[in-house]
Amino acid sequence: MFRKKRRGVERDPLIKGLIDRVGEPNVLYHREDLVAYECDGFTLQRGEARAVVFPADTREVAAVVRLLNEENIPFIARGAGTGLSGGATPLGGEVIISLVKMKKLLRIDLENRMAVVQPGFVNLKLTQSIADAGYYYAPDPSSQSCCTIGGNVAENAGGAHCLKYGVTTNHVLGVEAVLPNGEIIRIGEGGIPDTPGYDLLGLLTGSEGTLAIVTEITLRLLKSPEAKQTILAYFDDVGDGSRAVSEIISAGILPAALEMMDRTAIQAVESANFPVGHPLDIEALLLIEVDGIAAGLLDQTREVVEVCQRWNVREVQVAKDEKEAAGWWANRKTGFGAMGAISPDYLVQDGVIPRSSLPEVLKQIGRISRESGLRIANIFHAGDGNLHPLILFDQRVPGEKERALKAGTRCLLVCTDAGGTITGEHGIGIEKREEMRFIFTEEEIDAQIRIREIFNPKNQMNPGKLFPQPGRCAEVKKEKKRKAKAGQSG
């Protein structure tokens, strides 16, 4: 329920200008109404927005952006707020442009295997809209029941089934977008892939709202596989499960999904909403899905089972029907939220490593857990080496939040030292700005900032995100060396 205007707010020319462009019911500006927009899924840092506006279409987005550009007011595009790196968190005084009312499925073209959606359209609804016709949309983040396509484009979201089919950038064929000066542009007319010239679609996808606000997206649709099978394997040793992952891939099998959970994660999901009876004393499980032509699927399934048996699997099961497989996947997708069943707070990290490094990296994450005194659960996309260490803590205990943040940084350093990187799908946001220096030189960071300045010369669009703060290079490098030394001595 929107409240009556307060004295003083009525005279704020910015609020009046926003109301003139989108209507009073579509502008929030009272402090109590802004609390819900203090952060996204990364809750350890919060800020206050100046206002939140809800445009209905591209024209209204452009009108709002032109006003903010003229008044030199910073602004942030926001979807459902499910991001996990603080990309939609205001740092203070920004206007949030919420795209949740732009939630239409504009067009389905099954003949050309394309769909056109507004940015507020929910990820899972796309597959639900086309499933009866035998099609689906591949990127499937764990939050797919509530995350929006626009947010997926901003963060280049992934998901369990992206091992075989690719992340969001592999499925975006075109966009309509509003630049920071309010100009409307279109890239990828007609949904034709791989057009000549610079890959501007690739540049915008994953740019975390720092280059443009996407207001319409053309997406690639896939034909549903003829058949699929899900395999569940339990291991008494995390290393054995990790080596099984590498052998499955090196054997030439490319599963649609290949997920791992460790003992702490299993205990969490079995304590939450979708328990399926996983044994609580096992050290790791693999959840594997193979798909394709029905005639060859039995051989693939048999080979996956045999690989697991070679690595001392305690038990391996093949789902007897779709209902059982769906239960296993529902259990897996509760993973992050399930941490609330065993810990008051948690911090989820998002690093990527070579698959062959899994056993050693998981060992080092275990050492970080012991040294920090904090439990770390591991739920991750094992097939493509995308790790998600979940650091469990209680911020009511003095110092635990700070220890959790430091442990998260150490986990990312382990990933980069193994030849990996600091994010696979969650983005940088505010959480990992300084860790960008783990993988880029100052010159490389400066080159990226100069690209941003071409699109966003006044740095009004989502300022303070993605890139590290100037002048901290020496401090961060010193900290990196100290942590590396501490890890070696441990």
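Welcome to a predicted model, where local features need pLDDT of at least 70, side-chain atom pairs count only at pLDDT 80 or more, and totals for chains, interfaces and linings use all residues. Residues are numbered from 1 along each chain as its sequence is written, and side-chain values use heavy atoms, leaving out hydrogens and water.

**Around β14**
- Strands (E, at least two residues) and helices (H or I, at least four) are DSSP runs numbered from the N terminus.
- The bridge partner of Met260 in β14 is Leu286.
- β14 also pairs with strand β12 (residues 227-235), in the antiparallel sense over 9 bridges, and there Phe235 stands opposite Ala284.

**The open sheet**
- Four strands form an open sheet in the order β1-β2-β4-β3, with mixed pairing.
- β1 (27-28) and β3 (75-78) stand at the edges, each with a single partner strand, so one side of each has no neighbour in the sheet.
- β1 pairs with β2 (residues 51-53) in the antiparallel sense over 2 bridges, and Leu28 stands opposite Val52 in β2.

**An exposed tyrosine**
- Tyr198 lies in the loop between β9 (184-187) and α7 (200-204).
- Tyr198 has a relative accessible area of 78%, which makes it exposed because the cut-off is over 50%.

Terms used. Buried < 20%, exposed > 50% of the residue type's maximum accessible area, 1.4 Å probe, protein only. Pairing = 2+ DSSP bridges.
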